[in-house]
Amino acid sequence: MKGILFLILSWVTSVSMSKCRAQQRETYAVEGDAVGLHCYTGEVKQNQTFNWTKDNDTVISSPHIFKGSSLWILRTVSSDSGHYVCTSFSNSMETGHVESRVLLSVEKGKCPKALTPIQVMEGEHINLTCAEDSIETLGQILQVQWWKDCQSIGVQATEISLDVSVDSTGNYTCMAIFRYVGENYTTSHTRQLKVLKKEPVEKPEVIHPRNEILYVKPGVRTKLECTVFIGLGEEAQEGTSVYWTVNDELMSDRFPQLQENVICYFQMGEDDRYYCKSTLIISEVNATFFDVPFKCIVLSSRGSDMGLVWLSQGDQSTTQTLLIIALALITVVGIVLFMFFKIDIILAYRHLCGKGKTTAHGSKIYNAYVCYCHDNSVGSYTAENLALKIMPEVLEQQHDLKLFIHGRDDGGTEANVTHMTDVVGQSRTVLLVLPGSGPANHNEEIRNIPLSTSQDNASYCRDLYSVIAQCSVPVIVVESGENADYSLLSESIQSIIQKNGVLRWSPAVQPSGRFWKQLRYHMT
């Protein structure tokens, strides 16, 4: 009874072992190519037979070719896709029968898909082969072509060499044409190349000092500090040295007054930058250390760098004095230039900021209230011409200022003190145009603009003077010619204009001349 049970268990074990040893592989092909499916059952033994099925149906010999343990399809079509199972049978009790499974995918196109990618590091050198050990054929290979990403690269050889760079990434297809039984066939194999980018090598660098001069006195204690970037990560410190040299000599027993202290630390951040700080302490500075190079050196397998410090006993106060003198000269020249171009600078600033507009000053509607005082002398006509014609042309038309001109904007009617007070209060300044002893230009016509005779000018000016004193408005006197008649002004007005100044107009002055710049400066 025990013998029968032993035989049954042995038979069940051998059957289960023979059916468990199955393998699954994938193969890709394109329509029209030849493809070989291989039965991976190990070494082929005598009396070993193979049976192929596709999707559980037995594969017949035509149009397929059986060669040893392999099944060849010479011109694949999409219907050839499917699950292929190769079963090997043997009389040996050790192996029994073995199944090998292959999944075939046939697609349209020029190049088959790639299987597991080949990973290589950037900068390496590799060879891709299209020999019989990497692409099998049924007959002699006639021609080999290489394609990258399904585009011909113009190489016809069984092997290509690549110096790997980031651009090398892609799918490489080896396309072989072989001859079998008097006909030519094509078979292809694709390998995907995946390039792993190398991390950039961070070379060590001396951050501080680079090339500096340190002023010290003999006999004092001093220290030299050197900050060094080592690399990324703490492992960058391995094989890295930071040290000082004095006059290109290593610190040894020759310099007992020198002491070096090195501290390394991480810089907080995402990339773990590693630094070291080396401090060279000089207990007493002597004459040997002056005007010789102190070098802070960092050395590693990734590179080297150097910083330089010079000790000098030169009087630093001389340098500071020269610096102070230079700054003083620059300041004086700047002040002189500003005073000379003060009006131009301020006018440009006001123009850019829009501060010359009367709307920027709240209740001020007019930039100036213009009045000409005359006594019916020859120069009075020039004053009236300046006030009624020239000033509007330059100030209003060219510079967009707003004027209230007596004799033009009051309609020539008799002055009303209340109305005059309101207008003067709405003006930033008052321009009083005084006539000279004669015309500014003796060739001009005596009457450019007829003088107004509808009101007593002297009475009008007296009322204006009291309004000016009441409103405390700045007053600018413009002389329209030489030897202006100041007797037309009251004493109170004359005291005011001594503070605010006087401008003299000349027909030769251009619209962009200094007279008009000064006038605009006071009006805006």
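How accessible is Arg 504, buried, exposed or partly exposed? Before I come to that, please keep in mind that this is a predicted model, in which local features need pLDDT of at least 70 and side-chain atom pairs count only at pLDDT 80 or more, while totals for chains, interfaces and linings use all residues. Residues are numbered from 1 along each chain as its sequence is written, and side-chain values use heavy atoms, with hydrogens and water left out.

To the question, then: Arg 504 has 49% relative accessibility and counts as partly exposed, where partly exposed lies between buried, under 20% relative accessible area, and exposed, over 50%, with a 1.4 Å probe and protein chains only. Its partner in a salt bridge is Glu 479, with 2.9 Å between the closest N and O atoms; by salt bridge I mean a side-chain nitrogen of Lys or Arg within 4 Å of a carboxyl oxygen of Asp or Glu. This pair links distant parts of the chain, since Glu 479 sits in strand E28 (residues 475-479) and Arg 504 in strand E29 (residues 502-504), 25 residues apart; strands here are DSSP runs of at least two residues, numbered from the N terminus. Glu 479 itself is buried, at a relative accessible area of 7%.

Elsewhere, salt bridges that share partners join Lys 223, Glu 225 and Lys 277 into one network.

Turning to Arg 408 and Asp 409, their side chains meet in a salt bridge at 3.0 Å, N to O. Arg 408 is partly exposed at 33% relative accessibility, and Asp 409 is partly exposed at 32%.

By this rule, the count comes to 10 salt bridges.

Note on methods: Helix = DSSP H or I, 4+ residues; strand = E, 2+ residues; numbered from the N terminus.
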